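Q: Could you walk me through this structure step by step? I'd like to start with what the record says.

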Amino acid sequence: MSGKFITFEGLDGSGKTTIIWKVIEFLNQTVMKDQFIYTREPGGNRISEAIREIILSKQNTAMDARTEALLYAAARRQHLVETVLPALDAGQLVLSDRYVDSSLVYQGAGREIGMQKIAAINEFATDGLTPDLTIYFEVEPQVGLARIQQNRQDEVNRLDEEQIDFYERVHSGYLKLAQENPNRIKVVDASRSIEEVKAEVLAIIKEFLGLKG
């Protein structure tokens, strides 16, 4: 594969998706404008988006934690074979809103299944494909949840309604991954203003891609 794979990670309410759109806006003004795709997890194609609806529906509160983990892995597999891998094979840059790290921390740490068990499921699902770069938006759980309550009440899903201790475990999981993978995972302080976060993220991406300006 000749393409590059960048993933974006963070707690719900970290501002991650907002900044991704700023990155897309920037790339559309560079020589990369026809050489990248944006996608998301779970989702990215028809089958994966259908699985997303099942996972996030507030009607599915009885879903078992392992069922949830397996559904994420299934959506991820379809996402890879139908969306990500063809783009990488074509030499494109792939920007993905979430990837395996999300499962490791949300299901592995948050649901207390164990990060190693989730890693094993996803090793099978992804055949070991690892991002070239991951940008992690670091924010305290209380800040992320407050942002959700303030800005996203019309889009609240099943995971958004978890208790604070769940998000504290997720947060700890992210910090553990960042500590263990310093070359891949770049930590950005997402408690700052959108403009400050945008500037740092763009600087990271410019350096990674060798872009000027």
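Q: Which residues does the UniProt annotation "binding site" cover?
A: In the unreviewed UniProt entry, the annotation "binding site" covers G10, L11, D12, G13, S14, G15, K16 and T17, and such annotations may be inferred rather than shown by experiment. This is a predicted model, in which local features need pLDDT of at least 70 and side-chain atom pairs count only at pLDDT 80 or more, while totals for chains, interfaces and linings use all residues. Residues are numbered from 1 along each chain as its sequence is written, and side-chain values use heavy atoms, with hydrogens and water left out.

Q: New topic: which residues of helix α2 are buried?
A: In α2 (residues 46-56), the buried ones are S48, I51, R52, I55 and L56. Seen down the axis of α2, they fall within an arc of 120° (taken from the directions from the helix axis to the C-beta atoms), so they line one face of the helix.

Q: What do the buried residues pack against?
A: The buried residues of α2 pack against β2 (36-40) and α3 (65-89), where contact means heavy atoms within 4.5 Å.

Q: Which exposed residues are on the face turned away?
A: The face of α2 turned away from its buried side carries R46 and E53, which are exposed.

How values were computed:
Buried means under 20% relative accessible area, exposed over 50%, partly exposed in between (1.4 Å probe, protein chains only). Helices (H or I, at least four residues) and strands (E, at least two) are DSSP runs, numbered from the N terminus.
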